[in-house]
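Subject: Structure for your files

Hello,

Here is the structure I said I would pass on. My notes on it follow below.

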Amino acid sequence: MTTSAATAPRTAAALDPRRAGLGRTFAAAIVTLVMLGPILAVFWLALRPRLYTDITGPTLETFGYIFANTDILLWLKNSAMVSILATIVSVMVAAPAGYVLSRGRGGAVSAYSLFIFVVQSFPVVVFVIPLFIMFASVGLVDSLGGVAIIYVASSIAVACWMMSAYFDTIPVTLEEAAWIDGCSVFGGFVRIVLRNSLPGVLSTAIYSFLLAWNDYLVALVFLRSDDRFTLPIGLQTFFQQNQTDWGPVMACAVVMLAPPVVIFALLNRFFSIGGIGGSLAGR
Amino acid sequence: MTLAGLALPAVVLMAVVNAYPVVYAGIQALHDGDLLNLGNFVGLANFRDALTDPLFWRSARFTVVFSLCGVFGSWLLGFALALMLKPNFPGKSVFKILLLLPWIVPIVVSSMSWNWLTATPDSLLPVLARDFGFGRVMFLADPTMAMITVCLFKIWISYPFMMMMMSGALEGIEPNLYEAARVDGANSRQQLRYIVLPMTARSTYIAWILMAMFSVNDFATIYLLTGGGPVDSTTSLIVLAYRSVFQDFRPGYGVAISFLMTGALVTLSIILFRQIRKANIA
């Protein structure tokens with residue numbers, strides 16, 4: 001009984017694999033449509049005309065309106081600067097650290113690994129007040145640089161794991177050959193390992209960028225002046241002032257979600273987070 | 001020696017921006033000061049206050065419910081979608097990217113969209129609920145419904161992470177294993193039970209631990225959708241900690257709450273990690 005039940009659909013598929021494939025495509029399309037409902041709603045609402053205008057039906061006029069009448073271009077610029085800065089620093093710090101996690105052995109590396117894990121478990125709320133006091137004394141409160149530093153701090157643990165997971169896939173024999181040829185550890189890391197790690201680097205960069213771009217809490221606490229607002233804070237403020245005027249609010253939302261979606265669409269083939277499991281539980 | 005040099009930037013950075021604040025916060029938890037002054041030493045009073053506050057325990061209970069939903073709800077959904085995307089079919093890679101969107105879209109944006117879907121009686125979901133004969137469902141105004149809505153929102157945001165983790169794990173299974181099982185007469189349910197689940201167990205446990213950490217520490221998801229209300233029903237420990245610090249200006253108390261929460265979390269993850277290593281799963 002069980003055998004026939006298992007083989008029956010297989011024979012049907014074997015007879016007409018094309019049709020079975022299209023059936024799957026159809027099913028997947030419906031599931032995807034349902035899961036993406038709330039995101040489709042954003043786009044649909046963005047086409048709504050503003051309240052108290054004569055326009056009826058879908059319109060792109062709201063986009064012109066928000067660019068002309070809100071600070072959204074400034075928020076966009078601030079968000080981009082903070083996120084790109086945080087991403088670059090995060091990768092530059094995490095890559096060598098991940099290399100140590102991947103290749104190093106012994107008590108010090110285990111302790112280091114545990115340190116990263118424990119630090120990562122603390123919520124941002126714990127860091128925020130001491131950092132606020134510390135930053136206040138060096139003028140980093142209400143500054144984009146200060147916010148970028150905190151983004152680096154909050155992405156660094158996972159970034160180290162991601163880099164380490166990628167380095168694990170590069171055979172150590174490559175560096176050993178270079179060392180024999182007189183290359184230093186640092187030289188071997190930069191010239192052999194890092195040069196072959198573009199997917200790992202991009203993966204980590206995408207993660208750090210998304211984290212910085214999507215953050216709400218840190219920006220909420222640290223950014224005070226209008227001209228330093230990043231998109232999440234600007235958008236949230238605009239939303240609170242225009243609760244029911246969904247057209248312009250969602251037009252801003254489209255502007256905010258576009259960059260991460262475009263970046264991910266372009267670079268997704270490099271993105272892989274599955275590997276961090278190995279670097280986490282390995283030791 | 002050079003390895004230590006390579007680790008140095010990260011160590012220095014984490015010592016200054018991660019470790020130092022935690023130590024300072026630990027000192028704050030023992031004082032009764034405000035945002036900028038440390039105040040008087042009060043010993044463990046903040047911890048005692050937290051542990052005797054009914055709101056702390058209500059928030060702890062919601063944190064557990066929220067995290068269990070976040071971990072297992074998103075795992076079930078993400079795993080199911082990963083299984084759906086395993087065989088080859090036309091357009092597979094497009095769906096694989098599209099289904100990650102809830103994780104990529106900023107929470108500020110998706111919370112606004114969920115707000116539009118649920119907040120007022122004229123929103124889409126309440127209207128649909130009425131049309132299907134469920135009567136007047138208040139998605140965000142009724143305490144129980146608000147808890148359910150926030151948990152569903154969390155599952156929706158988190159399933160792509162699980163889908164990525166589980167897709168990776170599924171790719172690691174040798175196709176020969178399925179073949180062998182089929183020859184032995186195993187049906188697809190048996191293959192799931194005896195091949196897929198054991199072979200992905202390690203990734204599953206690690207994904208659970210990570211997601212538990214992400215969920216317990218998740219402030220924005222709850223705060224942006226409900227602000228912790230109505231009547232504190234969706235206040236989790238992290239929201240309570242945030243409010244204690246930035247609305248009641250009692251950082252010591254807020255930090256004490258976070259420390260109790262993180263302590264429980266780290267203990268739990270270490271026990272789970274031990275379990276994984278002991279089980280020695282492939």
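**Helix packing in chain A**

α8(A) passes α11(A) in a right-handed crossing; a crossing is right-handed if the near helix is turned clockwise from the far one by less than a right angle, and left-handed if anticlockwise. The model is predicted: local features need pLDDT of at least 70 and side-chain atom pairs count only at pLDDT 80 or more, while totals for chains, interfaces and linings use all residues. Residues are numbered from 1 along each chain as its sequence is written, and chains are lettered from A and ligands numbered from 1 in the order in which they are written.

The two helices span residues 144–168 (α8) and 198–214 (α11) of chain A, and their axes come within 9 Å and cross at roughly 160 degrees. Axes here are lines fitted to C-alpha atoms, for helices over the stretch in contact, with angles from 0 to 180 degrees between N-to-C directions. α8(A) and α11(A) are therefore roughly antiparallel (angles over 145 degrees; under 35 is roughly parallel, 65 to 115 roughly perpendicular, and the rest oblique).

On the α8(A) side the contact includes Tyr151(A), Val158(A), Met162(A) and Phe167(A), and on the α11(A) side Pro199(A), Gly200(A), Tyr207(A) and Leu211(A) are among the residues involved. Contact means C-beta atoms, placed from the backbone, within 7 Å. By class, this contact has eleven nonpolar, six polar and no charged residues, where Ala, Val, Leu, Ile, Met, Phe, Trp, Tyr, Cys and Pro count as nonpolar, Asp, Glu, Lys and Arg as charged, and the others, Gly among them, as polar.

**Chain A overall**

Chain A has 15 helices and zero strands; these are DSSP runs numbered from the N terminus, helices being H or I of at least four residues and strands E of at least two. Among contacts in chain A with a separation of 6 or more, 79% join residues 24 or more positions apart.

The domain assignment, which is automatic or from a database, gives domain 1 (2–60) and domain 2 (64–281) in chain A. Eight residues of domain 1 are in contact with nine of domain 2, and the domain 1 side divides into six nonpolar, no polar and two charged.

**Between the chains**

The contact takes 73 residues from chain A and 71 from chain B. Helix α1 (residues 2–28) of chain B gives the most to the chain B side, with 17 residues. That side divides into 54 nonpolar, 16 polar and one charged.

The axes of α5 (residues 72–103) of chain A and α1(B) come within 8 Å and cross at roughly 130 degrees, which makes α5(A) oblique to α1(B). This crossing is left-handed. Val93(A), Pro96(A) and Tyr99(A) are among the α5(A) residues that meet α1(B), where Leu3(B), Leu6(B) and Pro9(B) are included. The contact has twelve nonpolar, no polar and no charged residues.

**Two backbone points**

Asp142(A), in the loop between α7 (124–137) and α8 of chain A, has a positive phi of about 60 degrees although it is not a glycine. With 15 C-beta neighbours inside 10 Å, Asp142(A) counts as partly exposed.

Val231(B) also is not a glycine and has a positive phi, of about 40 degrees. Val231(B) lies between α12 (220–225) and α13 (237–246) of chain B, in a loop, and counts as exposed because it has 9 C-beta neighbours inside 10 Å.

Regards

Methods:
Contact = placed C-beta atoms within 7 Å. Buried ≥ 20, exposed ≤ 12 C-beta atoms within 10 Å, placed from the backbone.
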